[in-house]
Amino acid sequence: MHYYRYSTAEVSCWYKYLLFSYNIVFWLAGVAFLAAGLWAWSEKGVLSDLTKVTGLHGLDPVVLVLVVGIVMFTLGFAGCVGALRENICLLKFFCGTIVFIFMLELAVAVMAFLFQDWVRDRVKEFFENNIKSYRDDIDLQNIIDSLQRINHCCGAQGPEDWDFNIYFDCKSESKSREKCGVPFSCCIPDPAQKVVNTQCGYDIRKKSKSQWDEQIFVKGCIHALEAWLPRNIYIVAGVFIAISLLQIFGIFLARTLISDIEAVKANNAF
């Protein structure tokens, strides 16, 4: 089904270049993500030895950056070229992919709401796997430290989760100095200290549990995040709505341009 905006069908320059501008932002962002990810991998020596990624028990944050970069670069390229060249195949690819991502986001949101216990178990499993790799990847280490420091939490469900890491495990035969301790990001900060004490968590779990809360956070990060969500529900909803509106706007522009191109082709066929 085609529609005509004017008595003589034509491709709207307004929609054409608006879609191009919309996608050039995606393309540039994709380039930036790819450049940042490849630079991070080169700094860690991954580009010369890709087994460092496959051998990691947890998630390498750089992989996520690269995946996002590839998706944004591909969509931006398809949208830009499709708009400028009035290529229906590229425009349909762009539109279809955006629709797929939008539906996937909705499905994840609904699943997370309906199956909260299952999601909680998967998050716990994910967090524990990343605790195992805490000392194996500097980017992962920084993310876990930031998460614990900002949310005033320690481990997935508590400080004892650090037994999953060989360096902190109380039962391990390792001679690590960090044995039976926790990372410094679990420590309650001392306002009087201007320099971060990275050894503040050493041997803390050798003490009685009743003494832990004097030096470290005892709340697990899963519980901290569950408490954070209701307090910031409007921010989370606002971000979700903003992203959804941007996607719907992109779908509208692409579908409108596709309809214009098809209308012009049909008009020229007579």
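**First stop: a glycine in a helix**

Begin by selecting Gly 96, which is partly exposed with a relative accessible area of 40%; here buried means under 20% relative accessible area, exposed over 50%, and partly exposed in between, with a 1.4 Å probe and protein chains only. Gly 96 is placed in helix H4. Helices (H or I, at least four residues) and strands (E, at least two) are DSSP runs, numbered from the N terminus.

A note on the model is in order before continuing. This is a predicted model, in which local features need pLDDT of at least 70, side-chain atom pairs count only at pLDDT 80 or more, and totals for chains, interfaces and linings use all residues. Residues are numbered from 1 along each chain as its sequence is written, and side-chain values use heavy atoms, with hydrogens and water left out.

**The whole chain**

The C-alpha trace spans about 85 × 45 × 35 Å along its principal axes. The radius of gyration of the chain is 25 Å, whereas a compact globule of 270 residues would have one near 18 Å; this radius is taken over C-alpha atoms, and the globule rule is 2.2 Å times the number of residues to the power 0.38.

Switch to a surface view. The chain has an accessible surface of about 16,300 Å², and carbon and sulfur atoms hold 66% of that area; the areas come from the Shrake-Rupley method with a 1.4 Å probe. Of the 270 residues, 37% are buried. Among contacts (heavy atoms within 4.5 Å) with a separation of 6 or more, 70% join residues 24 or more positions apart.

**The largest pocket**

Which residues lie closest to the centre of the largest pocket? The largest pocket has a volume of about 1,100 Å³, and of its 21 lining residues the closest to the centre are Ala 112, Phe 113, Val 119, Leu 229 and Val 236. Helices H4 (88–114), H5 (116–132), H7 (221–231) and H8 (233–268) are the elements that give two or more residues to this lining. By class, the lining has 17 nonpolar, one polar and three charged residues.

The terms are set as follows. On a 1 Å grid over the protein atoms alone, a pocket is an open set of points where a 1.4 Å probe fits, with protein on both sides within 12 Å along at least five of seven lines, and lining residues have an atom within 4 Å of a point. A volume is the space filled by probe spheres set on the points, which are joined across faces, edges and corners. Ala, Val, Leu, Ile, Met, Phe, Trp, Tyr, Cys and Pro count as nonpolar, Asp, Glu, Lys and Arg as charged, and the others, Gly among them, as polar.

**The second largest pocket**

Select Phe 26, Met 72, Ile 101, Glu 105 and Gln 247, which lie nearest the centre of the second largest pocket among its 14 lining residues. This pocket holds about 430 Å³ of space. Helix H3 (61–85) gives the most to the lining, with five residues. Twelve residues of the lining are nonpolar, one is polar and one is charged.

Move to Ile 143 in helix H6 (residues 138–151). Ile 143 is partly exposed, at 47% relative accessible area, and its C-alpha atom is 26 Å from that of Lys 171, 28 residues away along the chain.

Finally, select His 152 in the loop between H6 and H7. Most residues other than glycine have a negative phi. His 152, although not a glycine, has a positive phi of about 55 degrees. Asp 203, in the loop between H6 and H7, likewise has a positive phi, of about 60 degrees.
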